[in-house]
Amino acid sequence: MCSMNKASVLVAPRELKDQVERANRVLGCEASVADRLAEDVTFCEINYGQGIFSWLEIATLDSMTLNEVLRSSLRLRLPTGTESVDVHFDSPVLFVLLARTLHDQENYGIAWSCDSEVTSGCSPVVSVYLRSDTSLSPSSNQKTVDALSTGLKVSLHEWDQLNKIASKFLMSEEVLDAS
Amino acid sequence: MTISEEISELSTLLNDPSTVLRPPEIVMKPTSLGAVRMTRFSFSRSLIRRAFMNQWEIKRLVVNFDEFGRGHIIYRILAEEKLFHFVAFTSTIDEALHTDRVIADVWDVTAALVEGEIDNEFMQFLSDEVPKQELSRLDSRVLVLTRGNRSVRFYDYLVERLANGKQPESKQLGDAGYIMRSTAFYGNGKFGMRSFLGFEDRHPLSAPYRAQFLAAWLFREVGYESVEHCAKAKNPDAAHLNDEWSCFFGLGNATGLGLVPWAMKHPGELNSWIAIRELALSNVRSLKGSTSNKQILEEWFDKSYQYFSSLGGDDRWPWMGPDSLAKATLLIHDIFRSLSENDFPFNDLYLWAEKQDVEITELVVSLLLELDNTDDEVIDSLLVVSNEKKDNLNVIVGALKKIIKEKYSWLDELDLDQSEAKHYWWVMSDNAEEPRRAERSVIDPAHREIPIDISLRINQLIGDLYATDEKTSVSEFLHSFPEHGIAVKRLLNDSGPYSEPRENVCDFKHLPLNLQRFQLAMYGMDNFAPQSTDWLRVTLFQGAPRVSEIGSKDSDKWILPRQPEGLT
């Protein structure tokens, strides 16, 4: 169940991306996977909300399940010569993991819809319908523009939780100096 | 001669077959990058040209210092109808607490550049947060956060001299040319500040690093204000720095390893910075020699000689020092005289220079670029790198192989399969998040490495790509090999010919100073003084006009200032 603590803090998109990336590494993600997931979470937080909340949910998964879940978006592809495809997931996937890739696909003329309405990053998705649509044109993303200009309002509680995990990415100065 | 003003796409300009460009295999060599010097495109210079051109109004609004220079000072900046303030909080800390590294937690000066009006509430917010630096929580009104210290060697000396009614003596200043030394200029979303891409179009600070360099220019002002204030506190009849000295001092800066991760993570920015320089060089090389442009270059040779010879000093490993550079400038000047009647003397000078030591080559390049007149608006627009990602995962593995074959063959020369290639890994310290490098054999990275090992990653990618069917989509490939995501993204984004430093930053032989100097020169810093393989001191804005001089003098020939009182 999604929730939003009332206390909030303004963060810059790059801060969010950096912190999620570091926190991913702390969870054991390889650097490339961490980078991709950080972009996913940041995009979702800006455009749909609940990106960090969803990430905190994902962070509780065991590493094997986590690695499998993180590949979900890489299945969102319209095979060459195909007009449409249904991509089905065996277990519901949080929309936070799919949102950015789906929006990117629009830039290449691929429209999408999910089996159920997606309202935030924590909306569960079981299947995605992709179809070729050459009428699509890249749209300007006002939410991103606003977030870059004035900051992105996120839950203070969630931000603190994220930072606490991300801080473990840093290495002790004493250890480095001693080496 | 200028870069075309009609074409705004850098890639279009680079692909113009009539433009003769230096190849990336020369320009992107570590030693070439490590020999680069400031040019007219460097950010400190373009800032000052813009401020003068558009008649920015910069006024000291408040100065509230005690006899030791402790308190605060506020500058008000009206730039092209946008209002900014630079607010500096000043203190005096024990000399023992002065450090060049980013990791200190107290400073003589902490400051911020903010946009908009400052009321009492905002001022209180700034006075609470700015001194905390990395521990502060700011918002989008704040554009830049900085800090620094008084020069231990010179601050008190200058105060004493002025208090005694005297000017400084060159021999006491040695090779330093600053009153205060900064250690960081944070911006672009750090600690909640406004993101760089959050500046609207045609905002006066929307060019890369313009906000940081406005802050640096004002930080330098604080040094002057502070010294003269403290001198006057000692003696109401204290002297002011005279005309010779009042522009001589710049702002010192110490730079560590943080520039290396930045360079490796921003291929698009590297490409645009270098491409602009190379396009301008190409333009200058195509010029016929006229009396006026030959005279301009001769004046720059003189200026360069005066600067290096008045600075004086031995070589600064791994680079030439002021004495050697002064001799080199004389040699360059002689060679140019012998070529000056040729049809294309600037091209001929360059062709001679490229056969010399790389430092001479790049010194010649920086001087030749003074002949370029490309409009600053064009340069500013070419500098901005699109945030648009081009990593289309629908492309096939065959396309990636083609990119590697065409653009990454230089990896073969790096011995990436040798153990020395993975000698170092890059990490962030828990002290101020300072980037460091650690030896892999001594400390296990354990998921802490900063992924700037681009050469190694692409090398590893090649192995798996060649074991995969050409028609496999990239998304399918990454489903099987998610660890190649960063390398694949690098290839698909294709940031341009000058985007990749041709080295492996994890290699045992990697010398961070090269990438550091390259970036510092792009920023507009000079007087490179390496302190080890990993960090160096530099000076910025030395010789630059004071903010009070906007509108009163030439705004672009201030670099390479001759030390007052002549040769030391």
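Two strands pair if DSSP finds at least two bridges between them, and helices (H or I, at least four residues) and strands (E, at least two) are DSSP runs numbered from the N terminus. The model is predicted, so that local features need pLDDT of at least 70 and side-chain atom pairs count only at pLDDT 80 or more, while totals for chains, interfaces and linings use all residues. Residues are numbered from 1 along each chain as its sequence is written, and chains are lettered from A and ligands numbered from 1 in the order in which they are written.

**Strands of chain B**
- In the hairpin of β2(B) and β3(B), two residues lie between the strands, and B:E80 takes a positive phi near 50°.
- Strands β2 (residues 71-79) and β3 (residues 82-90) of chain B are antiparallel and share nine bridges, with B:F84 of β3(B) as the bridge partner of B:I77.
- β3(B) also pairs in the antiparallel sense with strand β4 (residues 109-115) of chain B, over seven bridges, where B:F84 has B:E115 as its bridge partner in β4(B).

**Domains of chain B**
- The assignment, whose bounds come from an automatic or database source, gives domain 1 (10-33 + 263-385), domain 2 (44-256) and domain 3 (397-493).
- Between domain 1 and domain 2 of chain B, the contact (C-beta atoms, placed from the backbone, within 7 Å) takes seven residues from domain 1 and six residues from domain 2.
- Helix α15 (residues 376-383) of chain B gives the most to the domain 1 side of this contact, with four residues.

**Chain B with chain A**
- This contact takes 37 residues from chain B and 32 residues from chain A.
- On the chain B side, the elements giving two or more residues are β8 (424-428), β9 (435-439), α18 (474-480) and α19 (485-493).

Definitions and conventions. Contact = placed C-beta atoms within 7 Å.
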